[in-house]
Amino acid sequence: MSYPWEDWDHITKIDPDKDLVDGETFEDVCETGTDALEIGGTLDITEEKMERVIEATAKYDVPIYQEPSNPGVVIDDDRLDGYLIPTVFNASDSFWITGAHKEWVRIEDGLDWDRTHTEAYIVMNPDSSVAEYTEADTDQSAEDVASFARVAEKMFGQKIIYVEYSGTYGDPEKVAAAHDALDESTLFYGGGIHDYDSAYEMGQHSDVVIVGNLLHDKGVDAVRETVEGAKDASAELVDAE
Ligand SMILES: CC(C)=CCC/C(C)=C/CC/C(C)=C/CC/C(C)=C/COP(=O)(O)OP(=O)(O)O
Ligand SMILES: O=P(O)(O)OC[C@@H](O)CO
Ligand SMILES: [Mg+2]
């Protein structure tokens, strides 16, 4: 089976609770060359804000996925290409590993499993809201990160492993260790990507680079540079094979 993210190099993550830079539109976002949009955030996500972003992005070619931060915010909308549901492998509270998922499946009937996928997060920035929220144990060596990645792929059948440094640029050695540990699964990297060089560097150590804050803080020209960095790194990896 093949999955759409196997062809991606770059994702733009849109926080429905945050504005775009003045004068920019969702059409501009879709024209950056990014391969997919992930819509989600941790704080103050309402159905209305989610719908606004879906409405504004669905008419363009770029696939759109919701990434819900809890079961209460999931939107049933045919215009979404699918759902990327996090599970946090290094959370201290099992609610964020399987508990929220159990609650979701219990309350919702008729989930569209073909459009529902999981992302195995390894949360690495202790100062991020996601680390606080999930009480993640972020004290992980490169070997630890590699082992989590391998466990996620080999024992739990996860197709997407996500090394998450949300808000700060991560340690390329740890990201590379996760990448080396995987055979088939796709490695997502997110955190602090802010220009061509940072996207290029993490693009060399992962399969898909994810850009979040930059869109809301600096805008689409800055995002476009990161698309170029990620694409160049990916093209080189393919050449080297
Ligand atoms: C079962 C369902 C439907 C949901 C559960 C989903 C889970 C386990 C969520 C855990 C938290 C998580 C990994 C959320 C993904 C979104 C994310 C990482 C947002 C970014 O967080 P920060 O950047 O730390 O937060 P802010 O930017 O909102 O401050
Ligand atoms: O906001 P940034 O630091 O770019 O992080 C992106 C993403 O990994 C957040 O979930
Ligand atoms: Mg954030």
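1. A crossing of two helices is left-handed if the near helix is turned anticlockwise from the far one by less than a right angle, and right-handed if clockwise. By that rule, α7 passes α9 in a right-handed crossing. Helices here are DSSP runs (H or I, at least four residues), as are strands (E, at least two), numbered from the N terminus.

2. The model is predicted: local features need pLDDT of at least 70, side-chain atom pairs count only at pLDDT 80 or more, and totals for chains, interfaces and linings use all residues. Residues are numbered from 1 along each chain as its sequence is written, with chains lettered from A and ligands numbered from 1 in the order in which they are written.

3. Helix α7 (residues 196-205) packs against helix α9 (residues 220-240) at an angle of about 35 degrees, and their axes are 7 Å apart. Axes are lines fitted to C-alpha atoms, for helices over the stretch in contact, and angles run from 0 to 180 degrees between N-to-C directions. Contact (C-beta atoms, placed from the backbone, within 7 Å) involves residues including Tyr196, Ala199 and Gly203 of α7 and Thr226, Ala230 and Leu237 of α9.

4. Val175 lies in helix α6 (residues 172-181). Val175 counts as buried because it has 26 C-beta neighbours inside 10 Å; the cut-offs are 20 or more other C-beta atoms within 10 Å for buried, 12 or fewer for exposed, and partly exposed in between, with C-beta atoms placed from the backbone. Leaving out residues up to four places away in sequence, Val175 touches Val163, Gly170, Tyr189, Met202, His205 and Ser206.

5. Val175 and Gln204 are 29 residues apart in sequence, and their C-alpha atoms are 9.6 Å apart. Gln204 is also one of the α7 residues in the contact with α9.

How values were computed:
Two residues are in contact if their C-beta atoms, placed from the backbone, lie within 7 Å.
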